[in-house]
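Trainee: I would like to learn how to read a model like this one, feature by feature. Could you take me through it slowly?

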Amino acid sequence: MSAPNAVAPDVVVYDFHRPHRVSKDRLRTLEAMYGRLVKSFEGWLIGRVRGVVDLQLESVEQISFGEYVQSLPQSCNSFLLDIKDRGGDDAVGEQAVIDLGRELAFFLVDRLFGGGAEMIIPDRALTPIERLAVRVVAERIMGLVAEVWQDHIQLELGLAGFESIPEIIQAASREAPVLVTNISAKFRETSSLISICLPLSVLEKFFGMSGAKTTAHSPRREPPGQRVASENALRATHIDISARLPDFRLAMRDIAALKAGSMLSTGIPVDSTVNLLVGNQVRFKTAPGRVGRKLAVRVLEPLSGDLLPSSPDDNS
């Protein structure tokens, strides 16, 4: 007679490259901490928007920063925070991220600017003026994050920037483990999501990770073939690049007289520099020239990468 089949134990896949540092006990503590944050923020937010907003803590989880970036929408509203541990060294090269969902961001803009009963959620990024309005909300969340952590780690946080494109966010390396808190917001029959991302390297006192900072900042050996695969992926990436002459003005009568084969005098000196655009951002100052029979530009110096205005000057 064969023995009855034993119950198979639960098997959990363990990733040695990204070990989970959030135990069940720590997770319960984190959920209690962020639960207090949600209740405090909900009361403050209701007072600011003068309307009903229901906030619920959805999850607190450890993932990689790369996974967090991939989870953000294409047009995000992410505020970057500089982090300093007042009990130790600065968290060099790493930042926290607070992302407000598009629906919530435009709801806040509508209410803070005195909007009416109907709410419009456009499919675009926030304008600079709208960012300033929403910044107040991000600052409040930032203060509450420091407050709920003060019994464990004295964090000093400060707003450092804003990004609307997830791929551009460089708050941490893509492989770095982060603690992500997701908060759902419901208002006017609409739902949105708030996420708070903190790098685990600055929370090591809470998790008791001795020597974690040394490990996090020590050089790591790449797996075989990883560098070749990364180079191949980078070489296969296509980016739109264009060169643009300086602006010049034309009279309407000259424009009206244009026809095929017309020659225009721009008045631009032949030694003028040309801006090189990567996408729609001005990235380099260049000099025009030729390579063989082809037109070319020679890079002189990098520029700040300011976005071009949405529409060119009508007179240029």
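Trainee: In which helix is the place of Arg131?

Mentor: Helices (H or I, at least four residues) and strands (E, at least two) are DSSP runs, numbered from the N terminus, and Arg131 lies in helix α4. This is a predicted model, in which local features need pLDDT of at least 70 and side-chain atom pairs count only at pLDDT 80 or more, while totals for chains, interfaces and linings use all residues. Residues are numbered from 1 along each chain as its sequence is written, and side-chain values use heavy atoms, with hydrogens and water left out.

Trainee: Is Arg131 buried or exposed, or something in between?

Mentor: Buried means under 20% relative accessible area, exposed over 50%, and partly exposed in between (1.4 Å probe, protein chains only). Arg131 has a relative accessible area of 28%, so it is partly exposed.

Trainee: Which residues is Arg131 in contact with, leaving aside its neighbours within four places in sequence?

Mentor: Contact means heavy atoms within 4.5 Å, and on that basis Arg131 touches Phe79, Leu126 and Phe162 once those neighbours are set aside. Phe79 is 52 residues from Arg131 in sequence, yet the C-alpha atoms of the two are 9.5 Å apart in space.

Trainee: At what angle do helix α3 and helix α4 pack?

Mentor: Two packed helices are described by the angle between their axes and the distance between the axes. Axes are lines fitted to C-alpha atoms, for helices over the stretch in contact, and angles run from 0 to 180 degrees between N-to-C directions. Here α3 (residues 102-112) and α4 (residues 128-149) pack at about 100°, with axes 9 Å apart. The two helices are therefore roughly perpendicular to each other, a term that covers 65 to 115 degrees. On the α3 side the contact is made by Ala105, Phe106, Leu108, Val109 and Leu112, and on the α4 side by Glu130, Ala133, Val134 and Val137.

Trainee: How do β5 and strand β6 pair?

Mentor: Two strands pair if DSSP finds at least two bridges between them; β5 (residues 177-187) and β6 (residues 190-199) do so in the antiparallel sense, over ten bridges. Val178 stands opposite Pro199 in β6. In the hairpin of β5 and β6, two residues sit between the strands, and Arg188 takes a positive phi near 45°. Strand β1 (residues 54-64) is also joined to β5 by ten bridges, running antiparallel, and Glu61 has Val180 as its bridge partner in β5.

Trainee: How many of the eleven residues of β5 are buried?

Mentor: Nine of the eleven are buried, and the strand is mostly covered.

Definitions and conventions:
Parallel < 35°, antiparallel > 145°, perpendicular 65-115°, else oblique.
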